[in-house]
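Let us walk through this structure together, one set of contacts at a time. Have your viewer ready and follow along.

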Amino acid sequence: MNEDKVRAAQMAVERIPNQAIVGLGSGSTASIFIDLLAKRAQDEAMDITCVATSVQTQQLALGFGLKVVDIDAVDRIDVTVDGADEVDGDLNGIKGGGAALLFEKIVAVNSSKNIWVVDSSKQHPRLGSYKLPVEVVKFGVHHVFNLLKSWGLSPVYRQQEDGNYLTTDSGNYIIDVDIRDFTDLPKLAKDLKALTGVVEHGLFIGICDELLVGNTGQAYRRPDQQQQ
Ligand code: 5RP
């Protein structure tokens, strides 16, 4: 197990109050968090209710004995802990490496606080080293693909090991795009969201409130939140 991811997950577990409704992210670091959260909840007899961001996370959390409910069964999510594929100095990031970006974003925007757990390899001065996932409905997907190509985004369909296109928990495809030449990312986020057929994209701008970096043990707050 990656010690840096374990440390970041441990820092996040310590931030979970009793009786919290907790959003559970997806991916390897979020999975470590789920394991550690379940252990703490059991050791300290905590009353924790969880909402999952993917089928895989839901199964994992249930397997660890956590209480998991549907997102629509709760009025609020107090804190969500998730990983990230890339994060910049303003705590904006790219997510969706595990193809769970749609549910991850729905849970995140309905959470009072979002904590990201990463190792320092995920930190970059500007976003774009990692390909940006775009989730697209299957019907007419090649037309969206061609449009993204015409925008200079070098799109690539995400494939499974057997060569078939990967299908998300919502039954959509993922197209990974190269955003290195795009400097105005809020505009790109808006333009992608406005495309018919696009369900969601992995640009998470202004969503992460606190970034926990395992190998340095550092915690960063989003610049506009530092005084709070
Ligand atoms: C899944 C995600 C993950 O949070 C992201 O891929 C990071 O994963 P890991 O912790 O395994 O590096 O966005 O859709």
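We can begin with a cysteine: at 0% relative accessibility, Cys208 counts as buried, where buried means under 20% relative accessible area, exposed over 50% and partly exposed in between, using a 1.4 Å probe and protein chains only. Before going further, please keep in mind that this is a predicted model, in which local features need pLDDT of at least 70 and side-chain atom pairs count only at pLDDT 80 or more, while totals for chains, interfaces and linings use all residues. Residues are numbered from 1 along each chain as its sequence is written, and side-chain values use heavy atoms, with hydrogens and water left out.

A disulfide is a covalent bond between the sulfur atoms of two cysteines; here the term is applied to a pair of cysteine sulfur atoms within 2.5 Å. Searching the whole structure gives 0 disulfides. Cys50 is in no disulfide either, and this residue is buried, with a relative accessible area of 0%.

Next comes the nonpolar interior. A nonpolar core is a set of buried Ala, Val, Leu, Ile, Met, Phe, Trp, Tyr and Cys residues joined through side-chain atoms within 4.5 Å. The largest such core has 29 residues, and Ile16, Val22, Phe33, Leu37 and Ile48 are those with the most contacts inside it. Two or more residues each come from helix H1 (3–13), strand E1 (21–24), helix H2 (28–43), strand E2 (49–52), strand E4 (77–82) and strand E7 (111–118). These labels follow DSSP runs, numbered from the N terminus: helices are H or I with at least four residues, strands are E with at least two. H2 gives the largest share of this core, 7 residues. A second, separate core has 22 residues, among them Leu127, Val134, Leu185 and Leu203.

Now for the rings. Rings of Phe, Tyr and Trp (its six-membered ring) pair if their centres lie within 6.5 Å; planes under 30 degrees apart count as stacked, over 60 as edge-to-face and the rest as tilted. There are 4 aromatic pairs in the structure. Tyr157 and Tyr165 are stacked, at 4.2 Å centre to centre with 15° between the planes. Tyr165 also pairs edge-to-face with Tyr173, at 5.1 Å and 90°. Tyr157 is buried at 10%, Tyr165 is partly exposed at 28%, and Tyr173 is buried at 17%. Ring pairs join Phe145, Tyr157, Tyr165 and Tyr173 into a cluster.

Another ring, that of Phe204, has lysines over it. The charged end of Lys95 sits 5.7 Å from the ring centre of Phe204, and Lys105 lies over the face of Phe204 at 5.0 Å. A charge sits over a ring if NZ of Lys or CZ of Arg is within 6 Å of the ring centre and within 35 degrees of the ring normal.
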